[in-house]
Every structure is written in C-alpha cells, then in structure tokens.
Amino acid sequence: MSEVSGPGGLQERFGTGFEAKDWRATQHLVPKPDAPVRRAVSDAAKWLIRAKAGNHAQECVRARAIMTEARGLVKGIHEGVANGERIDPRSLDPVVEAISASIQRDPTAIPSVTRLKLRHEYTFYHSVAVCGLMVGLARVLRLDEAEMHQIGLAGLLHDIGKARIPNALLNKPGPLDDKEFALIREHTVRGHEILCDAGGVSDLVLDVVLNHHERIDGRGYPARKPGTALSIHARMGAVCDVYDAVTSARSYKAAWSPGEALEWMRGTEGHFDRAVMNAFAKTVGAFPCGSLVRVAGDRLGIVLDAGQGDPLDPPVMVFMDAGSKRALTPLRIDRAGKSIIAVEYAERLAIPDWAATRARILRESTATLRPAA
C-alpha cells in the first residue's frame, strides 16, 4: 500500500493540497536499477582548483563560477533522488576541492558571493554556501585535510533529504503550520536514509546530515540529543546552516545582514556551541556587513557591504557619537579598515532604536549621503 495514500500516509497526515507529482517522498519506493548517477564536472571547475591566488575581486569572479558549477551538480543530485535514482556522493568530490581551494586563496570570497541566491533555487545554493562555510570553519578549527574534505561534502549534502519534501512546501511564502513543519523536519532522517542507501558515505557526513538541527540544550531534532551527545561536526553544521539561512532572502522573509546574524546567534542561549560560534565569527571576516564598529574620533558606524572590495577594508557609515549617543549626520568612509578601532555590541552600549537604525542605514547605504572621506 502506498506510503502516500495508505493508513497513516502523507496524504492522511498532511492533506492533499499539493499536486501528486510534487510528493517526492514516493519516488524512493521504486528505485531504478541503474548504476549510481555520476555527474560530470566541467574543465572550468577543475581549472579553478589549480588557480593561483589573486586579489579579492578576482577570487569573487572565481567563486561565482564555482558556485554556478556546484549548484548544477547539487541540483542534479537532488533530482536524481527525486527520480528514484541511487546517487553517488563521490561525484561531488571535485566541487568540494574547488571550494576548498577558493577558501584557501581567500576565505571571504565564497561566503560573500553565496549570499546572493535565487529564491526559487535556495536549497541548491544554500548547500553550496554551507559547504564553503563548513570548510572555512574547519580551517579556523585546524582540522586535518582529510577531515576538512568530509566536512565540505557534509555541507553539500546536509539537506539532501529535502529532495523528498514537496517543492510547494519548501517554497511556501507564508509560515508553516504544525503539520507542515513536522514534514519539513523529516528531511534530516530522510537524508540519512538516502546516503545510507547510496553507500560509501563516511560516518562524519552521515552524522552532520542527521544531526545538524540538534541543539546544545537538547531541544533540537530529530532526536533531541543533548550537547554532550553531539560531535564537533554536528555542532559546526548547526552554526553554518542557520547562519546561511538567516542571511538569505526567502519567499517568506528578508535577509539579515551578516552582522545582524552573528549578533543574534551569539545572543541565543542553548542553540549553538560557544567555542564553535567564536571560531565561526573569524570565518566570515573581521567586519561582516551590518556590524557595529567604533572608528577614529570615538564615533560609531555600521559596516556596509564591501562588494568586491577588500573585506578587511570595508566601507562604514558613521552615524553616532559613541560617548554622548548623539546622532551624527551620516558620513560614509569608503575604506575604513585603518579607522576601525573595535567591533562593538549595541546591547552593551544601549543604543536607542538600534534595530531600526541599522536597517535604515543599510537600506539607504547605496545612496551617497556625503562625499567619501
């Protein structure tokens, strides 16, 4: 009897609001007998693995090429699962190598480029972004090369279980109800099942796929494991997954700036491992967009998006006197790296209307309010 229509099946549990063709959960019930699917990687991606270090703008161009290549392969893997094919995760090895090579040349290029996602293909770009963040975090944590490769592969595959979740649900523009959220939460177990069936997948990858939504306080899913039962790799996956999710625009929410995301994640109790969080902050750059900083002259400013500029020398919009909290006429400093004295925290400084102020400044930052200093 069908898993969809039988007693306790998906239709009974979640209704029939989605088209039958979109219930990808049924596809794996009749796996195709073909050999595992292997997706070819273009010569361009292989060439980028051997590319020499350049400036930040050059690496951003390479990062976009890698992202495009990786997105195609990840999409192919997801489509293979949806069509009942037995996948070969090793086909993603060259992509992990290309992303690792880019991170080694410039740790900030992949994270900055992958923030620009097409909403309707979020799942695929998100997997590429999490791969880059996982590799960067592994480097900061000084994991060995073999472990680093498996960490990157785990990032690419961490959401593979969503290939068995309806597209209409993944892209739903409004909030999920309890039944819909319960179905979404099944993606961790389904992903683990898919990779166990594929064979040849390391325990590290399986661990991250299954446990990247667990929490340190034991309130995560699928098994509500306490922090003591979570590996360093699962803790890394939790941080990287949430960071990319909240800094991405979705059909139901606007993107947060990296600075907003880090501030919220650091202030959240019980979700993330503190040591991993501190290491992760180094992964995304010293001055991520949206960060509050103190600059020369005892003034406060907000870091703007550096674009293809040097992330260590970003533009900053000065807006307040640090001592008196007196509002200043906004002043954009285009290369503020040498002027930045410290990263600050709005809560400690008790800045009034901070969230609204930051959102307004970031929104208006594309306009030139005064000549650059």
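Asp244 sits in helix H12, which spans residues 232-246; helices here are DSSP runs of H or I with at least four residues, strands are E runs of at least two, and both are numbered from the N terminus. The model is a predicted one, with local features needing pLDDT of at least 70 and side-chain atom pairs pLDDT 80 or more, while totals for chains, interfaces and linings use all residues. Numbering runs from 1 along each chain as its sequence is written, and side-chain values use heavy atoms, with hydrogens and water left out. Asp244 counts as buried because its relative accessibility is 2% (buried is under 20% relative accessible area, exposed over 50%, partly exposed in between, with a 1.4 Å probe and protein chains only). Trp256 lies 12 residues from Asp244 in sequence, and their C-alpha atoms are 9.6 Å apart.

Over in helix H11 (residues 203-211) there is Asp207. Asp207 is buried too, yet has no salt bridge (a side-chain nitrogen of Lys or Arg within 4 Å of a carboxyl oxygen of Asp or Glu). The nearest side chain of opposite charge is Lys225, 5.5 Å away; Lys and Arg count as positive, Asp and Glu as negative, and His and the chain ends are not counted. Leaving aside residues up to four places away in sequence, Asp207 touches Ser231, His233 and Ala234, contact meaning heavy atoms within 4.5 Å.

Then there is helix H16 (residues 354-364), where Trp354, Thr357, Arg358, Ile361 and Leu362 are buried. These residues fall within an arc of 125° seen down the axis, so they line one face of H16; the arc is taken from the directions from the helix axis to the C-beta atoms. Exposed Ala355, Ala356 and Arg363 are on the face turned away. The cover over the buried residues includes helices H13 and H15 and strands E1, E2 and E3.
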